[in-house]
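Please look over the sequence and the model shown below before reading on.

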Amino acid sequence: MTRTVTAELTPRTDTTPAVADVPARDKSGAHWVGRFPGSASLDDLAAGFHAGATVFIGAIQTAGGRVTVVATYRPRERAYLMHYSAKINSGDLAPSAVPPMPGVNIDWVHDTPAASKAAARAMVAAYGIVFPPALVSRHTERAAVDMTITGIIGKSILDATGQEVVVKKMSDLHAVGASYGVHKLVSDPPHWSDDGH
């Protein structure tokens with residue numbers, strides 16, 4: 001004799017479709033500055049520019065000058081945060097108009113316009129932004145270095161051809177740097193790059 005067992009199925013009462021959890025976006029503010037850190041190492045520069053920048057800096061040091069490298073490579077995510085915090089802070093762009101960037105889960109919009117701008121202002125201050133940062137720049141392309149140069153006035157430096165140049169003023173370094181493929185962006189005091197931008 002065969003016994004038939006009938007299983008009782010409990011009907012599903014929850015008809016809500018399953019939705020993947022979406023993480024809440026993190027409000028903008030100075031705490032974002034520590035994320036996506038940039039580099040101040042010459043080793044993070046593109047090969048060709050790395051070589052020229054290294055030799056140029058070496059020439060300055062050999063001449064008796066001092067060089068402090070502040071920034072080289074800047075990840076695109078960091079450039080995005082810097083660019084749009086500056087735009088919001090200056091009033092050039094509404095927080096709600098900032099386009100999203102994959103991997104950067106930031107919410108630029110706070111409870112009030114004043115709070116949104118204050119958060120952007122805090123980011124600008126924490127980044128130390130002086131000039132409006134480009135969204136895509138020579139830094140994001142590993143082809144720029146921000147550096148401060150001191151102690152070089154009155155010293156003699158060799159350019160890439162071996163010619164001796166007496167540095168009477170800081171702008172005398174511009175031609176020397178260019179001989180090494182390191183070009184000065186005059187409007188941005190610490191900034192040098194492979195093309196002057």
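Helix α2 (residues 76–90) has 15 residues, which at 1.5 Å a residue should span 21 Å, and this agrees with its end C-alpha atoms, which are 21 Å apart; the expected span is 1.5 Å times one less than the number of residues. Helices (H or I, at least four residues) and strands (E, at least two) are DSSP runs, numbered from the N terminus. The model is a predicted one, in which local features need pLDDT of at least 70 and side-chain atom pairs count only at pLDDT 80 or more, while totals for chains, interfaces and linings use all residues. Residues are numbered from 1 along each chain as its sequence is written, and side-chain values use heavy atoms, with hydrogens and water left out.

The buried residues of α2 include Tyr 80, Leu 81 and Ile 88, where buried means under 20% relative accessible area, exposed over 50%, and partly exposed in between (1.4 Å probe, protein chains only). These buried residues of α2 pack against β3 (106–107) and α3 (113–127), contact meaning heavy atoms within 4.5 Å. Just after α2, Gly 91 takes a positive phi of about 85°.

The open sheet has four strands in the order β2-β4-β8-β7, with antiparallel pairing; two strands pair if DSSP finds at least two bridges between them. Because β2 (66–71) and β7 (183–184) each have a single partner strand, they stand at the edges, with one side of each left without a neighbour in the sheet. Strand β4 (residues 144–150) is joined to β8 (residues 191–193) by three bridges, and Ala 144 has Ser 193 as its bridge partner in β8.

His 139, in the loop between α3 and β4, is buried, with a relative accessible area of 3%. Its side chain makes a polar contact with that of Asp 146 at 3.1 Å; such a contact is a pair of N or O atoms within 3.5 Å, and within protein one must be able to donate a hydrogen and the other to accept it, while residues adjacent in sequence count only if both atoms are side-chain atoms.

A nonpolar core is a set of buried Ala, Val, Leu, Ile, Met, Phe, Trp, Tyr and Cys residues joined through side-chain atoms within 4.5 Å. Two such cores are set out here.

| Core | Size | Residues include |
|---|---|---|
| Largest nonpolar core | 22 residues | Phe 56, Met 147, Trp 192 |
| Another core, apart from it | 17 residues | Ala 86, Val 104, Met 123 |
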